[in-house]
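I opened the model to look up its helices, its core and its ring pairs. My notes follow.

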Amino acid sequence: MMSIIQIFTAFLAALGFAMLYNVRGIKLLYAAIGGLLSWSVNLLAGYWLHHEAFQFFIAAFSVTIYAEICARINKTPTTTFLPASIIPLVPGGALYYSMQYAVNSMLDEFLSKSLYTASLAIAIAAGILLASSIWKVWLTALNFLESGLKRYK
(Lines give C-alpha, C1' and ligand atoms only; values in the text may rest on other atoms or scores of the structure.)
Protein backbone atom coordinates (compact mmCIF):
# COMPACT_ATOMS: atom_id res chain seq x y z
CA MET A 1 0.00 0.00 0.00
CA MET A 2 2.84 2.38 0.85
CA SER A 3 4.37 1.84 -2.59
CA ILE A 4 1.13 2.83 -4.30
CA ILE A 5 1.02 6.04 -2.27
CA GLN A 6 4.64 6.79 -3.14
CA ILE A 7 4.02 6.19 -6.83
CA PHE A 8 0.90 8.38 -6.80
CA THR A 9 2.75 11.22 -5.06
CA ALA A 10 5.59 10.89 -7.59
CA PHE A 11 2.97 11.32 -10.32
CA LEU A 12 1.62 14.43 -8.58
CA ALA A 13 5.10 15.86 -8.01
CA ALA A 14 5.99 15.46 -11.68
CA LEU A 15 2.62 16.89 -12.68
CA GLY A 16 3.13 19.94 -10.47
CA PHE A 17 6.65 20.50 -11.72
CA ALA A 18 5.53 20.21 -15.34
CA MET A 19 2.73 22.70 -14.68
CA LEU A 20 5.24 25.06 -13.08
CA TYR A 21 7.27 24.98 -16.30
CA ASN A 22 4.21 25.56 -18.54
CA VAL A 23 4.02 22.13 -20.11
CA ARG A 24 0.59 22.00 -21.74
CA GLY A 25 -1.93 19.52 -23.08
CA ILE A 26 -1.15 15.84 -23.48
CA LYS A 27 2.52 16.60 -22.85
CA LEU A 28 1.59 17.39 -19.24
CA LEU A 29 0.20 13.89 -18.82
CA TYR A 30 3.29 12.34 -20.43
CA ALA A 31 5.55 14.27 -18.06
CA ALA A 32 3.51 13.17 -15.04
CA ILE A 33 3.57 9.56 -16.18
CA GLY A 34 7.35 9.92 -16.45
CA GLY A 35 7.48 10.81 -12.75
CA LEU A 36 5.33 7.80 -11.96
CA LEU A 37 7.62 5.63 -14.08
CA SER A 38 10.83 6.92 -12.51
CA TRP A 39 9.72 6.18 -8.97
CA SER A 40 8.14 2.84 -9.94
CA VAL A 41 11.38 1.68 -11.56
CA ASN A 42 13.32 2.90 -8.53
CA LEU A 43 11.11 0.85 -6.21
CA LEU A 44 11.25 -2.22 -8.46
CA ALA A 45 15.02 -1.98 -8.74
CA GLY A 46 15.13 -1.98 -4.94
CA TYR A 47 13.92 -5.57 -4.93
CA TRP A 48 16.99 -6.73 -6.87
CA LEU A 49 19.64 -4.12 -6.13
CA HIS A 50 20.66 -3.29 -2.61
CA HIS A 51 22.67 -0.17 -3.34
CA GLU A 52 20.48 2.90 -3.75
CA ALA A 53 22.80 4.58 -6.23
CA PHE A 54 22.30 1.67 -8.65
CA GLN A 55 18.54 1.91 -8.17
CA PHE A 56 18.62 5.61 -9.01
CA PHE A 57 20.87 4.93 -12.02
CA ILE A 58 18.45 2.35 -13.45
CA ALA A 59 15.47 4.64 -12.81
CA ALA A 60 17.16 7.65 -14.44
CA PHE A 61 18.25 5.53 -17.41
CA SER A 62 14.76 4.16 -18.01
CA VAL A 63 12.96 7.47 -17.61
CA THR A 64 15.42 9.13 -20.01
CA ILE A 65 14.59 6.54 -22.66
CA TYR A 66 10.90 7.20 -21.94
CA ALA A 67 11.42 10.97 -22.32
CA GLU A 68 13.29 10.46 -25.60
CA ILE A 69 10.44 8.34 -26.97
CA CYS A 70 7.82 10.87 -25.83
CA ALA A 71 9.84 13.67 -27.41
CA ARG A 72 9.87 11.90 -30.78
CA ILE A 73 6.15 11.09 -30.59
CA ASN A 74 5.21 14.69 -29.71
CA LYS A 75 7.91 16.31 -31.88
CA THR A 76 9.22 18.37 -28.96
CA PRO A 77 12.56 18.54 -27.15
CA THR A 78 13.36 15.86 -24.61
CA THR A 79 13.66 18.56 -21.96
CA THR A 80 9.89 18.97 -22.11
CA PHE A 81 9.52 15.63 -20.33
CA LEU A 82 12.81 14.78 -18.65
CA PRO A 83 13.10 17.39 -15.86
CA ALA A 84 9.59 16.72 -14.55
CA SER A 85 10.10 12.96 -14.82
CA ILE A 86 13.35 13.08 -12.85
CA ILE A 87 11.94 15.22 -10.01
CA PRO A 88 10.83 12.26 -7.84
CA LEU A 89 14.41 10.97 -7.87
CA VAL A 90 16.04 14.19 -6.64
CA PRO A 91 17.60 13.46 -3.21
CA GLY A 92 16.18 16.55 -1.49
CA GLY A 93 15.89 14.97 1.93
CA ALA A 94 19.49 13.81 1.94
CA LEU A 95 20.65 17.25 0.83
CA TYR A 96 18.60 18.88 3.60
CA TYR A 97 20.16 16.67 6.26
CA SER A 98 23.63 17.28 4.83
CA MET A 99 23.15 21.00 5.26
CA GLN A 100 21.62 20.57 8.71
CA TYR A 101 24.69 18.63 9.84
CA ALA A 102 26.95 21.30 8.34
CA VAL A 103 25.14 24.12 10.15
CA ASN A 104 25.22 22.20 13.44
CA SER A 105 28.96 21.47 13.06
CA MET A 106 28.46 17.71 12.96
CA LEU A 107 31.35 17.04 10.59
CA ASP A 108 31.26 13.22 10.50
CA GLU A 109 27.53 13.10 9.78
CA PHE A 110 27.88 15.93 7.26
CA LEU A 111 30.59 14.10 5.31
CA SER A 112 28.70 10.81 5.39
CA LYS A 113 25.39 12.29 4.26
CA SER A 114 27.07 14.52 1.66
CA LEU A 115 28.85 11.55 0.07
CA TYR A 116 25.58 9.64 0.02
CA THR A 117 23.79 12.61 -1.61
CA ALA A 118 26.57 13.05 -4.15
CA SER A 119 26.47 9.35 -5.04
CA LEU A 120 22.73 9.57 -5.76
CA ALA A 121 23.15 12.75 -7.82
CA ILE A 122 26.01 11.22 -9.81
CA ALA A 123 23.97 8.06 -10.40
CA ILE A 124 21.06 10.11 -11.76
CA ALA A 125 23.36 12.15 -14.00
CA ALA A 126 25.15 9.02 -15.25
CA GLY A 127 21.83 7.32 -16.03
CA ILE A 128 20.66 10.32 -18.05
CA LEU A 129 24.00 10.63 -19.84
CA LEU A 130 24.25 6.96 -20.77
CA ALA A 131 20.64 6.69 -21.93
CA SER A 132 20.91 9.87 -24.02
CA SER A 133 24.15 8.68 -25.58
CA ILE A 134 22.74 5.26 -26.44
CA TRP A 135 19.64 6.91 -27.87
CA LYS A 136 21.73 9.21 -30.10
CA VAL A 137 23.83 6.28 -31.35
CA TRP A 138 20.66 4.30 -32.03
CA LEU A 139 19.11 7.15 -34.04
CA THR A 140 22.34 7.68 -35.97
CA ALA A 141 22.52 3.99 -36.83
CA LEU A 142 18.89 3.97 -37.97
CA ASN A 143 19.43 7.05 -40.14
CA PHE A 144 22.56 5.50 -41.63
CA LEU A 145 20.77 2.27 -42.46
CA GLU A 146 17.78 4.14 -43.86
CA SER A 147 19.94 6.31 -46.11
CA GLY A 148 21.88 3.26 -47.26
CA LEU A 149 18.69 1.43 -48.19
CA LYS A 150 17.39 4.45 -50.13
CA ARG A 151 20.63 4.63 -52.09
CA TYR A 152 20.31 1.05 -53.34
CA LYS A 153 16.66 1.24 -54.38
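I took helices (H or I, at least four residues) and strands (E, at least two) as DSSP runs, numbered from the N terminus. This is a predicted model, so I kept local features only at pLDDT of at least 70 and side-chain atom pairs at pLDDT 80 or more, while totals for chains, interfaces and linings use all residues. Residues count from 1 along each chain as its sequence is written, and side-chain values use heavy atoms, without hydrogens and water.

**Entry 1: Ser85**

I found Ser85 in helix α4. Is Ser85 buried or exposed? Ser85 has a relative accessible area of 0%, so I noted it as buried. My cut-offs are under 20% relative accessible area for buried, over 50% for exposed, and partly exposed in between (1.4 Å probe, protein chains only). I then listed contacts, meaning heavy atoms within 4.5 Å. Not counting residues up to four places away in sequence, Ser85 touches Ala31, Gly34, Gly35, Ser38 and Val63.

**Entry 2: helix α1**

Helix α1 covers residues 2-20. I looked up its buried residues and got Ala10, Phe11, Ala14 and Ala18. They sit on the same side of α1, because their arc around the axis is only 100°; the arc is taken over the directions from the helix axis to the C-beta atoms. An α-helix has 3.6 residues a turn, so residues three or four places apart point the same way. The buried residues of α1 pack against α2 (26-48) and α4 (82-86). On the face turned away from that buried side I noted exposed Met2 and Leu20. Just after α1, Asn22 has a positive phi of about 60°.

**Entry 3: the core**

I define a nonpolar core as buried Ala, Val, Leu, Ile, Met, Phe, Trp, Tyr and Cys residues joined through side-chain atoms within 4.5 Å. The largest has 24 residues, and Ala18, Phe56, Phe81, Ile86, Leu89 and Ile124 have the most contacts inside it. Which helix gives the largest share of this core? Helix α3 does, with nine residues. I also checked Ala18: leaving aside neighbours within four places in sequence, Ala18 contacts Val23, Leu28, Ala31 and Ala84.

**Entry 4: ring pairs**

Rings of Phe, Tyr and Trp (its six-membered ring) pair if their centres lie within 6.5 Å; planes under 30 degrees apart are stacked, over 60 edge-to-face, the rest tilted. I counted five aromatic pairs by this rule. Trp39 and Phe56 are edge-to-face, because their planes lie at 85°, with ring centres 6.5 Å apart. Trp39 is in helix α2 and Phe56 in helix α3, 17 residues apart.

Definitions and conventions:
Expected span 1.5 Å × (residues − 1).
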